Protein chains: 4
Amino acid sequence: MATNVKQTIVQPGDIAQLIDSRGNQHIVQLNPNGNLQTHLGQINFEDLFGLYWGSHIKTHTGKNFLLLQPSLHDILINIRRSGTIMYPKDMGYIILNMNIVRGTRIIEAGSGSGAFTTALAVTVGPEGHVYSYDNREDIQSLARKNLEKLGLTDRVTFTSQDIGYGFNESAVDALFLDLSNPEDYTEVARNALKPGGFFGSILPTTNQVSRLLEALNAHNFSFIEVCEIIQRHYKPVPARLRPDDRLTAHTGFLVFGRPMLYTGKGSSLNKLPDVIDS
Amino acid sequence: MATNVKQTIVQPGDIAQLIDSRGNQHIVQLNPNGNLQTHLGQINFEDLFGLYWGSHIKTHTGKNFLLLQPSLHDILINIRRSGTIMYPKDMGYIILNMNIVRGTRIIEAGSGSGAFTTALAVTVGPEGHVYSYDNREDIQSLARKNLEKLGLTDRVTFTSQDIGYGFNESAVDALFLDLSNPEDYTEVARNALKPGGFFGSILPTTNQVSRLLEALNAHNFSFIEVCEIIQRHYKPVPARLRPDDRLTAHTGFLVFGRPMLYTGKGSSLNKLPDVIDS
Amino acid sequence: MATNVKQTIVQPGDIAQLIDSRGNQHIVQLNPNGNLQTHLGQINFEDLFGLYWGSHIKTHTGKNFLLLQPSLHDILINIRRSGTIMYPKDMGYIILNMNIVRGTRIIEAGSGSGAFTTALAVTVGPEGHVYSYDNREDIQSLARKNLEKLGLTDRVTFTSQDIGYGFNESAVDALFLDLSNPEDYTEVARNALKPGGFFGSILPTTNQVSRLLEALNAHNFSFIEVCEIIQRHYKPVPARLRPDDRLTAHTGFLVFGRPMLYTGKGSSLNKLPDVIDS
Amino acid sequence: MATNVKQTIVQPGDIAQLIDSRGNQHIVQLNPNGNLQTHLGQINFEDLFGLYWGSHIKTHTGKNFLLLQPSLHDILINIRRSGTIMYPKDMGYIILNMNIVRGTRIIEAGSGSGAFTTALAVTVGPEGHVYSYDNREDIQSLARKNLEKLGLTDRVTFTSQDIGYGFNESAVDALFLDLSNPEDYTEVARNALKPGGFFGSILPTTNQVSRLLEALNAHNFSFIEVCEIIQRHYKPVPARLRPDDRLTAHTGFLVFGRPMLYTGKGSSLNKLPDVIDS
């Protein structure tokens, strides 16, 4: 990612988060000779190089902005605006629970706006890889564009095809389905996953969860887990600490499982990967 | 970490998760000539090498076990047993929100049992580093031992000292306080963080949150956020889907903030790092 | 109810709540010459008459007890122990939302242990009436016994019959189904309710909720509502205020609806009550 | 209350709920010769008398309305619009937990818009009484007007005075404080309550809860309880059952306690009521 986390001084090419006094933010790459136009005035990027991150800066009309490095969370929240329902609270848990770490090979379907793809690409690093499927090419081009902005496209292979016939990869470490009928793809998911790999899905309705659970049971997945992650914010006023009046009550139910090898009669159903361990 | 996520075949030296038919699990490193003794019988590790992950195996008395790679989540849950209150649901969100990524340099105090230290060390990778402080050396030796088991000690510097006099590092990207009086350390935290870096803390009581918020306001932290992450599990039975009867209602309140540069009168208070950007 | 809420002085015949120093409570009627035997000693009721409610008393062995009037909440919690899943948090909301007030005529099926029957009988008063159905006579006799202890049996008619053939009453103001297959009884419920009356049910699983919603839609119920009531307790320590570690995450989903008159083609389906308004 | 719950046929003087096809509702008393003007046309009340509750009616311009009896819940929700934070979910629990039943004498401060006053007046019936205090006469006149509409003023005594000097009643069964500094009134509350009576309060912030808990401890209240009641709604679609996207995350923390008699040294502090038991 183009944000070098260890930096203290702003450099050309950095990803920056520029925040006005009302909290509105712009996440932009600081290209030499570039600038940001806002209704509060213009900021020339040349003026920023050499400043400390965390500095207060001014537009050409004298309005205040803060100059910060965005967190992955900030970037994801910004991408999220384009429609998907997955929130950082969900992504953080999914990544930990599905063991997405440096080096992981993971399949994701569908790509959506690329928010979760971004979180995955950052996490797996150059040693891992994300295979992102979506049957709608127009949506996928949005995701691709979002990944390009962050310099992460090397780590992601976008494919636009009907996954009903299966995935192009096998023995992947993890596989995540963010689509409305994951129960139709548990068998192809099983065939693409390595034995004991990690399967996950996010679903808005209880009916979908029931259907997916049936399909997972039918295809010998174990360690099946269903949960929700709920985030409750508080007004951060020390003398009047209290929960916010409203909260996002529902994004989706998270469903997880791990495919086991079939034993006995079903064992011929195992699609075992060619042994490619290094 | 000694778990090579891309593997499909069990190799000597791997970290394995061995689960009996009642769901009890053992997370162990599969050293050559080693074995696991359980009340259900013995498992010799030599017998496991060459098998697929996800296989069903038997003890010498014929009892069934599953042979799996543990996820980071599984490892953390296992460490958690020794007492700390931070759960994977919290860690996943903290990591995303504080922008802990490959290459991050982060200070943590206290070390606790090393569960969060582990999650941090896995996430920052060999390019980053974790500086873990605890004033109790006995506790820290437990954390150290837990990190050793996972081959992660290269990425962590353990220090046992009173942080009231400050930290040994400066310009770190992120700093997390898991101790009961973080309000006493906001100034030393500020001095150790780079401008615009990420501060976080977890606290069980509302009174502690109020005190920390006051201290953060007094030391020019911005983007202050207080929240809770609540996880609700469901019984994964497709025809009788329902929430679990009980849930873990409280682990801690999460508090976040980012130190801004002082401007005007307070600007002499800025402890700016030497410019060491590469 | 035998608890005269306006009382300040203990009288023969009162319902009392006797609480030992560990918080264990006994809810008993203070009959003249009666006594309570506990492992902390005996309390003779004659000794209590004339004392203020709120007094500290002692057993014959000198152990402390508090002498209180129980609240309806205390009584319900005590009954609840015998198995049903409805909690005061649910009952309070159901009563308000279904307009159970003085004078209401309500049908309930099944009776369960009589906890909700008690709450209803207290609320409708002598001017209203509760018609409580259960197909298991043994269960109903437990409910009956619990109501007798509180002197509320005049307000309740217990009936043990298969409600598949309908209820014996018509034009009731409200009807509550606490059984596992309410979708099989929406038509008989409709026939027993007055137009615009209040229908309610409590169900543990999402699958049951879906089935009931389908049946309510099919029988011209409107204003359909599904919700949960979640109660979160806090440790009441002023300097260390925090949520309890655990909470009861699920008792049941509450489903409400109101039957409308059919119009047009379906109007012959209306079972209109004989006009018996006073 | 002017709504005779047992009615099936609309009568002059009834309280009705008229709901248009978009769900907008009007709660009005059906006075003879009266009418309702809406932007969808006019409804003459004379045309409604003799109809069944639950009927579909039309305005003079042919627009559809439903004709229903409002529940107490509907009435409270309607009153709530004027500003107070207490919701039916809270009121239902408070009433049950503080043992507000027929015959209860309860003090409430402040009156607010009269929503909770209404719930109390309905519950205590003509045998009980509500003493409602507010130091702002203008607010209280709104509450009074809301009670008048429902014919409940006989059961309520409104008083506008500074309660710092105490309440005019003694030995009341229950007392509820809905104001921002209840910790300043725990002593006068204690003096107005009968021993073992029920104290309650609702507070938005954790700081207020801590202060009230300290004051309750200082004045020998026992059985202190702090909780929140959270209501989660679901979209009632049988084939796509799911929680609503948003929920009301916070109305207030509920605090309860019961005053015990002082024993030993403090016993002279007991303000015991004159014995007026019937």
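In this predicted model, the crossing of helices α2(C) and α2(D) is right-handed. Both helices span residues 88-97, one in chain C and one in chain D. Their axes come within 8 Å and cross at roughly 115°. Angles of 65 to 115 degrees count as roughly perpendicular. The helices α2(C) and α2(D) are therefore roughly perpendicular to each other. On the chain C side, the contact is made by Pro88(C), Lys89(C), Met91(C), Gly92(C), Tyr93(C), Ile95(C), Leu96(C) and Asn97(C). On the chain D side, it is made by Pro88(D), Lys89(D), Met91(D), Gly92(D), Tyr93(D), Ile95(D), Leu96(D) and Asn97(D). These contact residues of α2(C) and α2(D) divide into 10 nonpolar, four polar and two charged.

Chains A and B also meet. In this interface, 68 residues of chain A are in contact with 68 residues of chain B. Several elements of chain A each supply at least two residues to the side that touches chain B. Among them are the strands β5 (55-58), β6 (64-68), β11 (193-203) and β15 (253-259). The helices α1 (72-80), α2 (88-97) and α6 (206-218) of chain A are also included. Strand β12(A) gives the most, with 11 residues. By residue class, the side of chain A that touches chain B holds 35 nonpolar, 21 polar and 12 charged residues.

Strand β12(A) also pairs with strand β12 (residues 221-235) of chain B. The pairing is antiparallel and runs over nine bridges. Within it, His233(A) has Cys227(B) of β12(B) as its bridge partner.

Chain A superposes on chain B by a rotation of 180°, with 0.0 Å of shift along the axis and an RMSD of 0.0 Å. The two copies are thus related as by a two-fold rotation axis. In chain A, the C-alpha nearest that axis belongs to Gly92(A), at 2.1 Å.

Chain C contains an open sheet of four strands. Their order is β2-β1-β6-β5, and the pairing is antiparallel. Strands β2 (25-29) and β5 (55-58) of chain C are the edge strands, each pairing on one side only. From one strand to the next, the twist averages 30°. Within this chain, strand β1 (residues 15-20) and strand β6 (residues 64-68) pair in the antiparallel sense over four bridges. Asp20(C) stands opposite Phe65(C) in β6(C).

A hairpin is found in chain D. There, strands β3(D) and β4(D) are separated by two residues. Strand β3 covers residues 35-38 and strand β4 covers residues 41-44. The two run antiparallel and are joined by four bridges. Thr38(D) stands opposite Gly41(D) in β4(D).

Some backbone details lie in loops. In chain A, a cis peptide bond joins Ala109(A) and Gly110(A), with omega about 0°. Gly110(A) lies in the loop between β7 (105-109) and α3 (115-124) of chain A. In chain B, the peptide bond from Ala109(B) to Gly110(B) is cis, with omega near -5°. Gly110(B) is placed in the loop between β7 (105-109) and α3 (115-124) of chain B. In chain C, Asn99(C) has phi near 60°, a positive value in a residue other than glycine. Asn99(C) lies in the loop between α2 and β7 (105-109) of chain C.

Definitions and conventions:
Residues are numbered from 1 along each chain as its sequence is written. Chains are lettered from A and ligands numbered from 1 in the order in which they are written. This is a predicted model: local features need pLDDT of at least 70, side-chain atom pairs count only at pLDDT 80 or more; totals for chains, interfaces and linings use all residues. Axes are lines fitted to C-alpha atoms, for helices over the stretch in contact, and angles run from 0 to 180 degrees between N-to-C directions. Angles under 35 degrees count as roughly parallel, over 145 as roughly antiparallel, 65 to 115 as roughly perpendicular and the rest as oblique. A crossing is left-handed if the near helix is turned anticlockwise from the far one by less than a right angle, and right-handed if clockwise. Two residues are in contact if their C-beta atoms, placed from the backbone, lie within 7 Å. Ala, Val, Leu, Ile, Met, Phe, Trp, Tyr, Cys and Pro count as nonpolar, Asp, Glu, Lys and Arg as charged, and the others, Gly among them, as polar. Two strands pair if DSSP finds at least two bridges between them. Copies are superposed by least squares on the C-alpha atoms of residues with pLDDT of at least 70 in both.
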